Amino acid sequence: MEKIREKYAIVGVGESNRSKNSGVTPLELALEAARAALADAGLEAKDIDGFMSYSEMDSCNPHQVATYLGVRPKVVKEMFGGGSSTELLIAEAIGLIETGQANTVLIFRSMNGRSGVRMGGGGFSIDALQNGFDGGSFIIPYGAGSPGQWFGLFATRHMHLNGLTQEHLGHVCTSFYEHAQRNPKAFFYGKPLTMEEYMSTAHLSSPFTKHDYCLESDEANAIIVTSTERAKDCKSVPVKILGMAAREVVSHAHYWKNIDEVAADYVAPRLYENAGVSPEDIKVASIYDCFSWVVLRQLEAYGLVPKGEVGDFVSAGNLRMDGKLPTNTAGGMLSEGYTHGMNNVLEIVRQVRREYEGTERQVKDTELAICTGWTGPDVAGAMILCK
Amino acid sequence: MKEETKVIYEKPIPLKNTYNAPYWDAADRHELNVQKCNTCSNYNHPPGPSCANCGSIDVFWENLGSTITGEVYTYIVSNRPFLPGFQNELPTVIAVVQLEEYPDIKIIGNVLHGNTETVSIGTKVKMVWIEATEERAIPQWVMV
Ligand SMILES: [Zn+2]
């Protein structure tokens with residue numbers, strides 16, 4: 001990975017309209033996001049020769065998107081599952097370009113995540129849950145049918161061992177909701193959250209209140225990856241990929257066996273080695289936030305905060321704009337929107353480009369940025385970006 | 001004809017398959033059966049086609065009997081039913097229980113009649129079996 005440092009870049013980002021009920025198909029959302037990313041990069045659809053996406057039987061496929069953009073690409077690829085799939089597909093795109101199989105790749109995630117298939121539980125058949133998960137028969141009969149419950153099992157123990165409290169989760173939520181107030185496109189724009197309000201909200205499933213869950217929205221995001229060399233032909237400011245660890249998997253992937261380790265613990269050392277930087281160098285972050293606690297656990301895993309100090313770190317306001325590590329500055333999936341991780345990638349690209357210069361949304365120091373993906377405790381990926 | 005009491009069990013009943021059938025068959029007899037690896041001596045729960053620790057195919061089933069105790073390793077208290085049958089039993093405590101005599105084994109279940117006040121990490125529990133149908137029984141946990 002060292003030899004491709006700064007050799008590849010994200011040159012275009014775009015999104016569709018974000019809503020509770022899009023009234024259109026995921027294909028139309030994907031086309032809207034793809035056209036926006038192309039316009040952002042100053043490219044035409046025919047310049048894209050690779051189309052990729054990830055989904056969970058809730059989307060359109062990249063072949064369709066290429067077709068309805070009028071393109072005959074060299075490569076189409078889709079994969080099942082999200083969370084850290086953006087990072088994985090970026091790595092795949094780099095591999096294809098590096099080996100001459102493609103020049104410029106568009107990656108998208110499109111979903112009617114609110115009006116269509118919902119991730120939050122209730123959307124899947126019980127048989128599918130029991131048969132679909134390895135070990136499903138050992139959790140579903142006990143009522144554990146929602147990611148919030150599965151991740152909560154990890155959270156309860158980790159918080160117990162590390163002195164983390166409800167208030168620490170609250171600092172993640174209130175910081176991200178605060179960011180959303182600067183983002184008119186955020187779902188919870190105009191809906192700030194105070195710590196008092198947070199602390200008086202009941203648990204849906206401990207230790208999580210509704211604020212600790214990511215939201216569900218209808219939207220699509222797209223990003224365009226090409227070589228730094230070819231990026232010179234684009235009109236956008238390229239955001240270079242300094243290093244990545246596309247995906248790591250914990251050996252035993254069942255949800256409760258290895259509850260004290262997560263895949264991000266294994267991604268981190270490889271990530272920094274590939275990028276040639278240290279966690280202390282990182283100035284701004286997009287941390288996958290399907291649940292508030294996932295952010296705390298990743299701050300620790302990626303060495304952004306020393307183990308045991310994560311609670312104090314967030315309490316001191318360090319995830320906020322004037323903190324040591326402004327994080328999820330568009331509001332994250334807790335309060336901006338939810339595309340299975342990709343909206344956080346769009347925001348970090350815009351921060352590194354300094355697209356918000358002159359406004360209160362621009363983070364002061366964006367020299368080195370981290371972007372993490374979390375498919376679950378068992379699977380993770382991350383990348384480090386720079387201008 | 002005298003009418004008999006019917007037990008109505010609305011919650012999902014474990015689906016048996018190639019890998020888990022020995023576990024659930026034992027549960028129906030109110031016994032705990034756990035897969036173990038002959039090569040590395042680790043217990044494998046959930047069970048699979050080979051050892052999730054070392055990959056060995058030399059795995060077998062060990063019957064641990066009907067007296068199973070453990071302590072809560074981690075847990076959640078769910079106030080919302082995400083699956084059918086749980087709406088009448090809220091809050092639902094879902095716990096990962098570490099077995100007292102076999103700390104390598106962790107088994108998920110509900111701590112019956114538990115709540116935020118009574119269950120925490122370290123709470124001592126023992127396994128009981130709830131009759132779901134005439135043929136099927138579900139292992140559960142109660143506080144001791
Ligand atoms: Zn083994």
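This is a predicted model: local features need pLDDT of at least 70, side-chain atom pairs count only at pLDDT 80 or more; totals for chains, interfaces and linings use all residues.
Colleague: What makes A:R350 and A:E355 a salt bridge?

Modeller: Their side chains meet at 3.7 Å, N to O, and the cut-off is within 4 Å. A:R350 itself has 14% relative accessibility; buried means under 20%, so A:R350 counts as buried. Shared partners then join A:E15, A:D40, A:R350, A:R353 and A:E355 into one network of salt bridges.

Colleague: Which distant parts of the chain does the pair A:R157 and A:D260 link?

Modeller: These side chains form a salt bridge at 3.1 Å, N to O. A:R157 sits in helix α5 of chain A, while A:D260 is in the loop between β8 and α9 of chain A, 103 residues apart. With 13% relative accessibility A:R157 counts as buried, whereas A:D260, at 40%, is partly exposed.

Colleague: Now to the metal. How do you know that the arrangement around the zinc ion is tetrahedral?

Modeller: Look at the angles. The four donor atoms subtend 107 to 115°, and tetrahedral asks that all angles lie between 85 and 135 degrees, so the arrangement is tetrahedral.

Colleague: Which atoms coordinate the zinc ion?

Modeller: The SG atoms of B:C37, B:C40, B:C51 and B:C54 do, at 2.3 Å, and the cut-off for a donor is within 2.8 Å. Along the chain these donors follow the spacing C-x2-C-x10-C-x2-C. B:C37 belongs to strand β1 of chain B and B:C51 to the loop between β2 and β3 of chain B, 14 residues apart.

Colleague: Are B:C37 and B:C51 buried or exposed?

Modeller: B:C37 has 1% relative accessibility and B:C51 has 4%. Buried means under 20%, so B:C37 is buried, and B:C51 is buried as well.

Colleague: What makes helix α10 of chain A largely enclosed?

Modeller: Ten of its ten residues, 292-301, are buried, so helix α10 is largely enclosed by the rest of the structure. Among them are A:W293, A:R297 and A:E300.

Colleague: How many salt bridges cross the interface of chain A and chain B?

Modeller: The rule finds zero there. The two chains bury about 3,300 Å² between them, 63% of it on carbon and sulfur atoms. A:F138, A:Y142 and A:K257 supply 25% of the area that chain A buries against chain B, more than any other three residues.

Conventions: Residues are numbered from 1 along each chain as its sequence is written. Chains are lettered from A and ligands numbered from 1 in the order in which they are written. Side-chain values use heavy atoms; hydrogens and water are left out. Donors are N, O and S atoms within 2.8 Å of the metal (3.2 Å for Na, K and Ca); water is not among the atoms, so sites may look incomplete. Four donors count as tetrahedral if all angles lie between 85 and 135 degrees; four count as square planar and six as octahedral if opposite donors are over 155 degrees apart and all others between 65 and 115; anything else is irregular. Helices (H or I, at least four residues) and strands (E, at least two) are DSSP runs, numbered from the N terminus. Buried means under 20% relative accessible area, exposed over 50%, partly exposed in between (1.4 Å probe, protein chains only). Buried area is the accessible area (1.4 Å probe) that two parts lose on being put together, summed over both.
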